[in-house]
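Look at the sequence and the 3D structure below.

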Amino acid sequence: MNFTLHGIAVSSGIAIGHAHLLSHTALEVVHYVLPKQFIAAEVARFDAALESTRQELAALRGSRPQQAAAEFDAFLDLHLMILDDEHISRAPRAMIEREHCNAEWALKVQMDDLVAHFEAFEDAYLRERKTDVVQVVERVLKTLTGQPGHVPPPPQHDGNMILVAHDVSPADLIQLKPHQFSAILTDLGGATSHTAIIARGLNTPCVVGLHHARELLRENDLLIVDGELGVIIVNPDKQILTEYRLRQDQFGLERKKLRRLKATQATTLDGTTIELHANIELPHDLPEVKENGATGIGLFRSEFLFLNRDELPDEEEQFEAYRAVAEGMEGLPVTIRTFDLGADKQLNNAKRVASNPALGLRAIRLCLAEPQLFRTQLRALLRASHYGNVKILVPMLSGVAEISQTLQFINSVKQKLDAEGIPYNRSVPIGGMVEIPAAALALNAFTKKLDFLSIGTNDLIQYTLAIDRTDEEVASLYDPLHPAVLYLLAHVIGSANKAGIPVSVCGEMAGELVYTRLLLGLGLRQFSMNTAQLLAAKQRVLTTSLPELATLTQKILRADDPLKIHELLAKLNAA
Ligand code: PEP
Ligand code: MG
């Protein structure tokens, strides 16, 4: 059947390929068929995961809270009982042997069956136990898929597979990176969720917030993904396919043309040089940074070094990663953000997930609450500062107390390094992210105490408009042109410029061409964005004359009607 789905376009480009579905549980699971000779090993892998989960549950007994020992024991007993249930411990084995499928899939199918049994119970208590079943299975799935190298490979690899998932966490997407799907589709997610950000960095068309794609699409359906419009055409007819193939070629040609700008300096028509920096997640993003001619790294989201693993990276491992990037950029600025864990980037062994994680113990709050972790990272960062042009950026600062505490931490780590005779850059610049409205409104402390600022528009908009950036239900309310957002941007950029403090924007807004001139008009001279957007942004800068932006920008700031703002912005972009 031929039909169309509409979602939120988050990464442009056109892909034509076959759907590859990830399963519907909280932990996404792929289905693949194994050659006969691998079946025994797959069964052994399943058994080992069960055993490891059993040990994990048993070990939890040692950490039970004193005041609730009885409840905790009952919970563990129940989970161990579920683990030993025939559906969980034996039926998947039989299914692997019978259907030659992967262990994750077999477990998931059996779990669905067991959950259906529980749902049929009259008794509310028993019905609720299905949550325990899901929790136990998720534990086993984590053991099966959570180890590096255990992300199940897609069944065939012709480079034309389109990943269709209910949701993919940023951590999972990073792990799926080497499989190079030609597009990524999810039911959940907003345009600035970290999953969307990573998809954009992969230069892969991505549409999120599709609501029911995972249910409506079938494995191997032929799909056209229009990443520009957020449209998916399912099982298209020949004519549409031909048209989209043409558009795909055109898109490829445009990308190729942009590559010619790699070594060109990003200078406006009136001769002002604009810094176009790159956002990265891991050191291996470096080749793309260079290919796209970035003049620095404006945001290294260091927390990605901490995801997808049980053991956290120690000082040495972090130091090597930061040093590799610092040296690799050969003297160009490398802005490394201290880890922004929490919210949609949780550690594997996170002690607890807050009920409202975006407002919980996230980023600098977590750093200050976990001094040992923070000190280790600061040591690694300071040591790496000896090997390149490193700057340290601190996320989610809300005010003077956090700034002072952070600076104290840094000073105490410096003193320790001094005592040990370890070299570092004594004047390593320390910057703060402005991503909480309170920070933007009480900026004095920031401009007085910090060396540079970076505006995280993804969070600044989320917190200003009270819109969860990962929730597709409110994605349409996410509005970078809301007068309150524009006011804050104008205020922060203007105040930083006045105080002589370098300021950049490193949220997704920086890489969206429709906002380039507006940000330039507000006085921004430094942008940091996904590598995939750098060359197009450069082209925009090259065709812009700064003096011509002033009047329209002021009019936009004074307008409060959304239609008027869009009209003025269109004029600004047409000039
Ligand atoms: C932001 O909030 O705009 C930002 C750049 O940080 P992150 O997207 O990692 O939260
Ligand atoms: Mg942020």
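Glu330 is exposed, with a relative accessible area of 64%. Exposed means over 50% relative accessible area, buried means under 20%, and partly exposed lies in between (1.4 Å probe, protein chains only). This is a predicted model: local features need pLDDT of at least 70, side-chain atom pairs count only at pLDDT 80 or more, and totals for chains, interfaces and linings use all residues. Residues are numbered from 1 along each chain as its sequence is written, chains are lettered from A and ligands numbered from 1 in the order in which they are written, and side-chain values use heavy atoms, with hydrogens and water left out.

## Positive phi angles

Glu330 sits in the loop between helix H13 (315-328) and strand S11 (333-337). Helices (H or I, at least four residues) and strands (E, at least two) are DSSP runs, numbered from the N terminus. Glu330 is not a glycine, yet its phi is positive, near 45 degrees.

His211 is another non-glycine residue with a positive phi, about 65 degrees. Its loop runs between strand S6 (206-208) and helix H10 (213-216). His211 is partly exposed, at a relative accessible area of 36%.

## Helix H1

How far apart are the end C-alpha atoms of helix H1? They are 32 Å apart, and this agrees with the 32 Å that its 22 residues (39-60) should span at 1.5 Å a residue. The expected span is 1.5 Å times one less than the number of residues.

Which residues of H1 are buried? They are Ile39, Glu42, Val43, Arg45, Phe46, Ala49, Leu50, Thr53 and Leu57. These residues cover an arc of only 155 degrees around the axis, so they lie on the same side of H1. The arc is taken from the directions that lead from the helix axis to the C-beta atoms. Ala40 and Ala59 are exposed on the other side of H1.

## Domains

The domain assignment gives domain 1 (3-22 + 151-258), domain 2 (36-144) and domain 3 (260-574). Such bounds come from an automatic or database domain assignment. The C-alpha centres of domain 2 and domain 3 are 41 Å apart.

## Around ligand 1

There are 17 residues around ligand 1. A residue counts as near when one of its heavy atoms lies within 4 Å of the molecule. His194, Arg301, Arg337, Asn458 and Arg469 come nearest.

Polar atoms also face the ligand. A polar contact is a pair of N or O atoms within 3.5 Å; within protein, one must be able to donate a hydrogen and the other to accept it, and residues adjacent in sequence count only if both atoms are side-chain atoms.

| Residue | Polar atom in | Distance |
|---|---|---|
| Gly456 | backbone | 3.4 Å |
| Asp459 | side chain | 2.9 Å |

Taken alone, ligand 1 exposes 290 Å², and the protein buries 100% of that. Accessible areas come from the Shrake-Rupley method with a 1.4 Å probe; for residues, only the protein chains shown count as cover.

Helix H9 (194-201), strand S10 (297-301) and helix H19 (457-465) each give two or more residues to the shell around ligand 1. H19 gives the largest share, three residues.

## Helix H19

Why is H19 described as largely enclosed by the rest of the structure? Because eight of its nine residues are buried. They are Thr457, Asn458, Asp459, Leu460, Ile461, Gln462, Tyr463 and Leu465. Just after H19, Ala466 takes a positive phi of about 55 degrees.

Is Glu508 buried or exposed? Glu508 is buried, with a relative accessible area of 3%. It lies in the loop between strand S15 (503-505) and helix H21 (513-521). Its side chain makes a polar contact of 3.3 Å with the side chain of Asn530.

Gln377 belongs to helix H15 (residues 371-384). Gln377 counts as buried, at 0% relative accessibility. A polar atom of its side chain lies 2.9 Å from the backbone nitrogen of Phe339.

## Distances along and across

Asp77 lies in helix H2 (residues 69-83). It is partly exposed, at 40% relative accessible area. Asp77 and Arg61 are 16 residues apart in sequence, and their C-alpha atoms are 9.9 Å apart in space.

Glu288 is found in helix H12 (residues 286-291). It is partly exposed too, with a relative accessible area of 32%. Glu288 and Glu370 are 82 residues apart along the chain, and 33 Å separates their C-alpha atoms.
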